[in-house]
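This briefing is meant for a reader who is meeting the structure for the first time. Please keep the sequence and the three-dimensional view at hand while reading.

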Amino acid sequence: MKWIEWAIVGALLFLPFAIVNRNETDTLRRTMLTELRYDAALDAAVDDAARLLVVNASQQQEAQYASAKHVALNKEEALAAFYRTLDAGFGTADDSVSQDVLHRYIPAIVIVGYDGFYVYSEQEWTGTDGKTVMKPAWGTKKPYAYADSAGNSLSFTLDQQVLAYDAASRGWHEGLRQDIRQQTTIPLLQDAALFEQVRRSTIVRAIQDELAYRINRYNETVSRNGLSYTFTLPLISDEDWHNTVDDVGVLAFVQGIPMGAKVYNNYALGGSRIVKRPTIIGAGKGSMKVYFRSSCGYTYQAEETFASEQAAARKGYMPLPCPGSAI
């Protein structure tokens, strides 16, 4: 057999593998582009919800408080903005059936308020006709409550304002921690650093516990309606969890949307006054792994997305400044 015949045989043997590899690469590329589009849609939806959270609300009701974080919340306006922007981003704005399907992949939405939080999720109650009603609705406001082993209890806020019950004197005290600490014997009020640590962890744990409960309830509901996906508490970094306690805002997550051979899971946080950071994209630039902000306009093929530049750096990506500016 001549060498040209051997070459033809080799090419014929290699061809199927090349086609399969190309198809897999195309599928992976389409999946990544879809994931980036979904990320952008979810981020935009939460940002719009957070922006409208304090719009048209009656701020005069809260004017007696000095804290700029103590603002009235317009939950309904925020919720409407969230779904409106999300539906537009996922291409379901004009299709109510597709909207219903998309919304089933959102088990809960959290609004973080100044002295408590709300969860929008599947609720069950008895209607005026005596029948059981089950549909998404806002739950009651949950306080950021804490109790120590001595029987003292505190209700935290997003800043130093606190409502405290002193078990020793059986008295209530309300005000800034530094102002009321000398009026009580509650140990936590005497230590500023420990107070801040306990305040943040209490708020985060309260939201996590309520979310876990609501997600479990939601799993029971959707399993009866034929959806086999099991929703779980989203994996959110400690940094992002603690960002939720800096200001009033919105937390939402999407889980289980089929996307090729995988499913789409992501979450987004939006503060009403905090400018949300752009998504950080990790990409290949020649033989280098680089990261840059999604707003930079680079067209390098994305390999991963990150919530922060630190997370990208930990995965070995090097910073790539936006054109004309430092990153």
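The structure is a predicted model, and the features described here are computed from it. Elsewhere, a search of the whole structure finds 8 salt bridges, and the count of disulfides comes to 1.

**Helix 6**

- Helix 6 is made of 33 residues, and from its first C-alpha to its last it reaches 49 Å, which is close to the 48 Å expected at 1.5 Å a residue.
- At the start of this helix, a side-chain oxygen of aspartate 191 comes to within 3.1 Å of the backbone nitrogen of alanine 193.
- Glutamate 210 also has its place in helix 6, and with a relative accessibility of 12% this residue counts as buried.
- If residues up to four places away in sequence are not counted, glutamate 210 touches Phe117, Val119 and Lys142.

**A network of salt bridges**

- Glu196, Arg199, Arg200 and Asp246 are linked in a network of salt bridges.
- An α-helix has 3.6 residues a turn, so residues three or four places apart point the same way.
- Arginine 200 also forms a salt bridge with aspartate 246, with their side chains meeting at 2.7 Å, N to O.
- Because arginine 200 lies in helix 6 and aspartate 246 in the loop between helix 7 (238–243) and strand 8 (249–259), this pair ties together parts that are 46 residues apart in sequence.
- As for accessibility, arginine 199 counts as buried at 3%, whereas glutamate 196 is partly exposed, with a relative accessible area of 23%.
- Arginine 200 is likewise partly exposed, at 21%, and aspartate 246 is partly exposed with a relative accessible area of 26%.

**Nonpolar cores**

- The largest nonpolar core has 35 residues, of which Val110, Leu154, Phe156, Leu189, Ile207, Leu211 and Leu251 touch the most other members.
- Among the elements that give two or more residues to this core are strand 1 (108–112), strand 2 (116–126), strand 5 (153–156), helix 5 (187–190), helix 6 and strand 8.
- Apart from this core lies another one, of 29 residues, which includes Tyr38, Leu53, Ala78 and Trp138.
- Leucine 154 touches, among others, Tyr144, Tyr146, Val162, Leu163, Ile186, Leu188, Leu189 and Phe195, when residues up to four places away in sequence are not counted.

**The disulfide**

- A disulfide joins cysteine 296 to cysteine 322, with a distance of 1.7 Å from S to S.
- The pair links distant parts of the chain, 26 residues apart: cysteine 296 is in the loop between strand 11 (288–293) and strand 12 (302–306), and cysteine 322 is in the segment after strand 13 (318–319).
- The link between cysteine 296 and cysteine 322 is left-handed, with -60° about the S-S bond.
- Cysteine 296 counts as buried because its relative accessibility, 10%, falls under the 20% limit, and cysteine 322, at 15%, counts as buried too.

**An exposed loop residue**

- Arginine 170 is found in the loop between strand 6 and strand 7 (171–176).
- Although arginine 170 is not a glycine, its phi is positive, at about 55°.
- With a relative accessibility of 68%, arginine 170 counts as exposed.

How values were computed: Residues are numbered from 1 along each chain as its sequence is written. This is a predicted model: local features need pLDDT of at least 70, side-chain atom pairs count only at pLDDT 80 or more; totals for chains, interfaces and linings use all residues. Side-chain values use heavy atoms; hydrogens and water are left out. A disulfide is a pair of cysteine sulfur atoms within 2.5 Å. Helices (H or I, at least four residues) and strands (E, at least two) are DSSP runs, numbered from the N terminus. Buried means under 20% relative accessible area, exposed over 50%, partly exposed in between (1.4 Å probe, protein chains only). A salt bridge is a side-chain nitrogen of Lys or Arg within 4 Å of a carboxyl oxygen of Asp or Glu. The expected span of a helix is 1.5 Å times one less than its number of residues. A polar contact is a pair of N or O atoms within 3.5 Å; within protein, one must be able to donate a hydrogen and the other to accept it, and residues adjacent in sequence count only if both atoms are side-chain atoms. A nonpolar core is a set of buried Ala, Val, Leu, Ile, Met, Phe, Trp, Tyr and Cys residues joined through side-chain atoms within 4.5 Å. Contact means heavy atoms within 4.5 Å.
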